[in-house]
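The structure is shown first.

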Amino acid sequence: QEAEGAHRQDRRRRETEELANLLVGKRIVLLFSPSGAGKTSLIRAGLLRRLQRYDIQALPIVRLGYRDPDLRSDPKVNRYRLAMLCALEGRRPEDTRRGMRELSNYSLQQYFDECVFESMERDAEGRPKYPLLIIDQLEEIFVDPLDGTTNFYHGVPTFAVSIALEDARGVLAGAGYDTLQD
């Protein structure tokens, strides 16, 4: 059992090192594995500490599942963007945090320019560190409970797959697929 534990620790150390090297070299990395495989613990327990060696500053881990009941019915509010901004806002001093309504008016670029980049830690030469944005549960953008996923998980034979492409003008394209009718 000791050997198995040591093997597991060594594997986790190698995985952490490999992930850190990918982030430093590529800047965009998708870490994908089944639920419960330990992705979040790999990031929290090993990766964030490992990245301190580089000029990389981890921002708060973002979960896209945030829902604000007061803004839910507002069609102009992108709940995924709002979830990201709420998580990032949590790193600011409490007395300077913006409210949900104010955050809902920010684009990601505007928020990063005004609120993130200016507060980044600096290296010895005064340059800002690279921000590391970690999005946990990114698949929620693609698999949304509003499209019947809940029914599918519970074995209710009424569900479909829906995908749409949307920008500021509205929905540009969309498709629906009823898997049970095919």
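## Basis of the model

The model is predicted, with local features requiring pLDDT of at least 70 and side-chain atom pairs pLDDT 80 or more, while totals for chains, interfaces and linings use all residues. Residues are numbered from 1 along each chain as its sequence is written, and side-chain values rest on heavy atoms, without hydrogens or water.

## The chain as a whole

Six helices and six strands make up the secondary structure of the chain; these are DSSP runs numbered from the N terminus (helices H or I, at least four residues; strands E, at least two). Along the sequence, their order is α-α-β-β-α-α-α-β-β-α-β-β.

Of the 182 residues in the chain, 27% are buried (under 20% relative accessible area, with a 1.4 Å probe and protein chains only). The accessible surface is about 12900 Å², and carbon and sulfur atoms account for 53% of that area (Shrake-Rupley method, 1.4 Å probe). Among contacts (heavy atoms within 4.5 Å) between residues at least 6 apart in sequence, 52% join residues at least 24 apart.

## Packing of H1 and H2

Helix H1 (residues 2-26) packs on helix H2 (residues 39-50) at an angle of about 60°, and their axes are 9 Å apart; the axes are lines fitted to C-alpha atoms over the stretch in contact, with angles from 0 to 180 degrees between N-to-C directions.

From H1, the contact involves Arg12, Glu15, Thr16, Glu17, Leu19, Ala20, Asn21 and Leu23. H2 contributes Ser41, Leu42, Gly46, Leu47 and Arg50.

How values were computed
Buried < 20%, exposed > 50% of the residue type's maximum accessible area, 1.4 Å probe, protein only.
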